[in-house]
Every structure is written in structure tokens, then in C-alpha cells.
Amino acid sequence: MKRVISLWQDEQAEGLSELDLLVYRSRLLGADRAVCNIYGGNTSAKTIETDFRGRPVRTLWVKGSGSDLATIERKHFAALRLDEVEPLIEREVLSDEEMVDYLMHCYLHPNMPRPSIETLLHAFIPAPHVDHTHPDAIISLATSEDGEQHVRRLFGERVLWVPYIQPGFQLGKRVGTAVRANPKLQAVVLGKHGLVTWGETAKACYENTIHTIQQAEEYIAERASGRQVFGMVKTPALDTTRRRQVWSEILPLLRGAVCARRRQVLCLDESEAVLDFVGREQAKEVAMRGAACPDHLVHTKLYPLFIEWDGADVNALKARLREEISHYQQRYQAYFEAHRKGNEPMMDPAPRIILIPGLGLVATGRDAFLASVARDLYHRAIAVMYGATALDRFVALTPAEAFGVEYWPLELYKLTLRPPERELAGRVAVITGGASGIGRATARRLAQEGAHVVILDIDAAGAQTVAEEIITQQGEQRALAVPCDVRNEEQVIEAFRQAVLAYGGVDIVVNNAGIALATPITETTLTDWNRLYEVLVHGYFLVAREAFRVWQAQGIGGSLIMITSKNALAAGKDAAAYSSAKAAEAHLARCLAEEGGAIGVRVNCVAPDAVLQGSRIWEAGWREERARAYGIPPDGLEEYYRQRTTLKVNIYPEDVAEAVLFFASDRSAKTTGATLTVDGGVPAAYVR
């Protein structure tokens, strides 16, 4: 178990206002996930503020719902009139709906974030500064079978034990009443929940939190010393090369199975801690007891899916995967039906955490970031299960307790704070030639609509630049750059393997890599001819083949988009090699449309013309060659192309990207084998 240390620096805190000290203290707590989970925990400070009439007001500053302590800012705290909140402790009952409505009338200023679910706990504790966290060591105490006795043995009368109560009014009143009645208390351990600490100053509060956690860590370490807490190793971790080989085979199967209701992105974890845990004798039995606390539950579900495997027969493992996930979903359905109270809709029944001995862990989420959140929280869960088992026996939330949190209206409200899903949410796109021109514009556009993009290009630096740009604009893990020459079979296979390992599978493939040549047939060398065909035909074939292999394993369809050309439809003067190769792409697409229909794969073409902006094709002599063929100067090529179109327009990479988006999305769900021209209208290339 990781050891927690104090991060407080007096020189950094000196001169800060009480509100800024609250921000500083909160960020220190959030900086260590062994202290505070992502999006979890809440902090507060009580100050004197001035209202809009200039009157002093006792004010409770408390974390807003859904924010993360690690990155919190002043704007993420709600300010409430404390004199109006404190009288609630006299109530005998207060429903969640009444509590939320009441607190909305207590804002010091309008348009503040909705205050934390735990607001009343902070208000009812009389100390000026309060921390509520979910530290691994404390949750270990809180989920051990004899947790109350351990807390008394360790802390004596300084720390109060409160059995599990769902967050809200009753918990806040129970804690607040106890703290007011016993001024000697320094902290509260909440069964199956977390830790509450306080102090007269921001520093004293923070140091109280850290010191309490450290005491729990030392207590657990003494009892774990020299023990195999989860039993002996039953299934050793496979070596890295073998693990990656197996993962690349089974991840598309897993992804297809968990995407029955909505597209999910997978996050793989092969860390030492995970591999050690899943391979132990008691791992399944301990893991299947359930989630340790509400903070874990909302991201990992009550139970993981634990797939037993001996590390040997991969075919047997693959044969069981869909069946195991189907059984998990049936069990979730039964859990939902047994505890539902009204007409609440059932959430996605697919597992959030999948554990496989010898291999590691897979987390699922509607995007890569949320999948990584589930993964990271399961690391916390492993640490908690370790500590609780070292003490005696790990005890999880009951199904009824779990359902009360998972379908709790106040918890569901947090989901409404997330931005609405975009058109390609949960989907993964592979784009060849993605470092420039049409490929770059397509990567940007698909990412804007929520796709995770894998950018393949022979220009590794250019691909990385595009990926970093997308990550900056769209968020963590939204793009991956993979060096790839589409002529090289091994590199294409490896590129798809990396896409699968990064995201679990692929939904959209854009075959876009290209080169061009414009010379009379008498001047076209065999080397030139072969080079064009290697990229435009062989390369498109290799990419399409690997895409189909992933899609067959996933079983949830896919979309292959070929970037052909006007030249695929109309003869190009002095461009026989290029035009015939593009025509081969178009016919390959038609053939693959027939082949892909049975597995739900759509194959369509986008046929642009004269896209000069940002394309490297034009930097390799193509501009001069085409200008010579038309008998015009090179700098007049854009105007020549514009004038020859029916619409009298030039075509840009972004125009082509819009057409790709149409075929990538469900807007074209019933279209395959088609070609969409993006050429401004070239009559010779009208599709017949």
C-alpha cells in the first residue's frame, strides 16, 4: 500500500486568503489519489463574506458537485449562507429533494455551482475547515469485518466510527451531532465510505487528514508484514510479448461484447500491482464481494467481471469471452430488477472492469478518459481490498446499498453535468496519411465529433504533431500517432495492433495515404508504376484487410472509407498510372462492400478533385506535371480547376472531411458501395 506524505508548503500558503487556502488545501488532497479519488471527496471553509447589501455574512464555502479536487479552482466552490443552513440540524427528516431545494435558496450569490452532496456534513461540523476524503488506508478500515474495533484500537476516543449511512441529511446530522457533543473528537471514520477531519486552520485541517491516514497505513502495514495477503500466486503473469499478443487477439472480442448497447472505449492495464492481484489464489473471491465505497462504485460498478484462465489455451479463453459478458449482463439485469423502486431506466449492463489472470485488467468507458478513470479507481479498490484483508476480511457494499448509490437521483445529477455525447462518441477511427492535407483535416473533424483517432503516416513527426494538436483541443487520450508505411505489411499489421491495444478496437477506417504521378505513358517507368500501385492499391488492400480482421472479431460492424479521386471516374490525361490505381481503389471498395455486408461493415468512397491546400502530393512535382498537361503556368492551376467546375469553386481538405464524416457516422447507416464526389461538379466524373 502506498504511503501518504504531507505536501503542505508554508511558503506557498503564506499570504493566501481563506478561499485561496481552501483551493490550495483541496489541490494537495487531490494530488495524491491514495488520499482522494478523482472527482471524489469534498472540502469546505467557513468565512465572513459581504453580501450584495454590504452586510457581513457567515459563509460556508463548499466544493461544487462533480468537480475534482486535484484541479479545483475558486469558481468550483459554492458559497452558502451558513446561518440559513445550520438550523437544518434540528430537523428530524429531510428528503434529498427538499435538501437540494433548500440549499438552492441559501446561495450567497446567484449562478454558483450546485453544492456537494455532503454539504450538510460540512455545515453541521462547527470547525472552520473540514475535509471529507476517501483514503485507501481509511477505506480499508471502513470495509474490514471488524472495522469498528480496529478504529477504536488504533485511535481510541479521538476518532468516531459511524456505520454505513447513504450520504445526505441523515449522515450529516449523525456526524454533526456527534462532533458537537464531543469536542475531543478529531476525526470520523464512515463505514464503507471514508474519512472526515477538521481543524481551526486550513493547515491544521490538512495535517489532521494526512496524520490520520498515516496512522492507519502503519497499523495495516504491521498486520500485513510477512503475509501473502491474497494467497499464493495461482496464475503467473505472462511475459510482456505473449501478453500483448493475447490482448491484441481478445480485445476486439471484448469490445464487441460490451458495445451491445453503446460504443465503448477500452483501457488496458498490465501494471505490476494488477498482474500480481489477478494471479493470486483469493483474487476472484475477494473481488467478487463487491465495491468498497460509493466513490468506487459509480465508476467501476458493484462487481467486476473476473474471467478465470490458466494462461495457456487462448482459443478456450476467446470462446468464453462473449458468454462471460452475456452472463454478467444477465446478472446485472437481475440486480436491477431486484432493487428498482420505480420507472428508473436501467444503465448500461456491461462490465466496467474485466479481470483476467496472467493478463491484467480492462476498463471500459464511453471515452478513453472515463475508461482510465475506472481503471485508476480499481487500483484504489485493490489497495483497499489488500488493507481490509490484511486486517481480517474485506466487506463490500451490499447490493441494496450499491443500488441506492448507483441510482441515487443526486448521483445521477452529476451525469447531467457532463456535456452531451457527440455524434462519434465511443468510436475509434484509423486514418492513413493523417499527417497532412485531407488526412489531417479528417482527423480533426472526426475528433471534433467525439471519435478517438489513430493517425498513421510515414511522416512520424507530422503524425505526432497532429495527434498532439487534437489532444490539446479535444482532451486526454483522444489521439494516437503511429508511424506507418502502408506499403509495408508488417507495419500495417502493427499499426492496427497498436490501435487495438490503445482503444480496444476500431470502428472507422479512412484509407487516404497517397502519392501522385502525371507523365505520358511513354515516359512512365515500371518503377513509377509499381510505386503508385504499392501505395494506392497494395496499401489500400493491406489496410482494408486488417480493418476487416478487427471487424470480424468485434462483430459490431464498421465503416471503411476510401479516398479515391475524380480520376477514379474520369480519364486523366497523362495520368494513366494514377488514374488506373484510383479506379482499382474504387472497384476494391465495391467488392468489399459486398463482402462486408454480412458483418455490418459499410464501404464507401469519397472522390475529391484538385485539393491543393495542405497536400504533400503537390510538393512532389504534381503541380508542375498537371499544369504542363493542361498547358498553363503552375501558379494558375487553382484558378483553372475552379473554372472547370460546375459550381465554380475550389475544393479544400475540410470539404472532403465533411464527406468522410457522413460515411463515418450513422447518417449513412444504410449506404454502402457508394461514391460521393467532392469536386465542385466535374461533368466527366458524374457517377453513372
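Okay, let's start with how this chain folds back on itself: residues 24 or more positions apart account for 74% of the contacts in the protein with a separation of 6 or more. Keep in mind that we're looking at a predicted model. There are 688 residues in the protein, and 58% of them count as buried. The C-alpha atoms fill a box of roughly 100 × 70 × 50 Å, taken along the principal axes. As for the parts list, you get 25 helices and 18 strands.

Let's go to the strands. Quick reminder: strands of a sheet pair through backbone hydrogen bonds, and the pairing can be parallel or antiparallel.

In what order do the seven strands of the open sheet come? The order is 14-13-12-15-16-17-18, and the pairing is parallel. At the edges you find strand 14, 479–483, and strand 18, 675–678; each has a single partner strand, so one side of each is left without a neighbour in the sheet. From one strand to the next, the twist averages 15 degrees. Zoom in on strand 12, residues 428–432, and strand 13, residues 452–457: they pair in the parallel sense over five bridges. One thing to click on is Val 428, whose bridge partner in strand 13 is His 452.

So what packs on this sheet? Helix 20 does, touching strands 12, 13, 14 and 15, and its direction makes about 160 degrees with that of strand 14. Helix 25, residues 653–664, packs on the sheet as well, touching strands 15, 16, 17 and 18. The direction of helix 25 makes about 165 degrees with that of strand 17.

Stay with helix 20, residues 489–503, for a moment. It packs with helix 10, residues 240–258, at an angle of about 65 degrees, and their axes are 9 Å apart. The crossing of helix 10 past helix 20 is left-handed. Which residues make the contact? From helix 10 you have Arg 244, Trp 247, Ser 248, Leu 251, Pro 252 and Arg 255, and from helix 20 there are Arg 497, Val 500, Leu 501 and Tyr 503. Sort them by class and you get six nonpolar, one polar and three charged residues.

Trp 247 comes up again in the inside of the protein. The largest nonpolar core has 103 residues, and Trp 247, Leu 254, Leu 446 and Val 453 touch the most other members. Helix 21, residues 526–554, gives the most to this core, with 14 residues. Take Leu 254: leaving out residues up to four places away in sequence, it touches Trp 247, Leu 266, Leu 321, Ile 325, Ile 354 and Val 362. Apart from that core lies another one, of 92 residues, including Val 23, Leu 88, Met 112 and Phe 155.

How values were computed
Residues numbered from 1 in each chain as written. Predicted model: local features only at pLDDT ≥ 70, side-chain atom pairs only at ≥ 80, totals over all residues. Heavy atoms only, no water. Axes fitted to C-alpha atoms, helices over the stretch in contact; angles between N-to-C directions. Helix = DSSP H or I, 4+ residues; strand = E, 2+ residues; numbered from the N terminus. Left-handed = near helix turned anticlockwise from the far one by under 90°. Contact = heavy atoms within 4.5 Å. Nonpolar A, V, L, I, M, F, W, Y, C, P; charged D, E, K, R; others polar. Core = buried A, V, L, I, M, F, W, Y, C linked by side-chain atoms within 4.5 Å. Buried < 20%, exposed > 50% of the residue type's maximum accessible area, 1.4 Å probe, protein only. Pairing = 2+ DSSP bridges.
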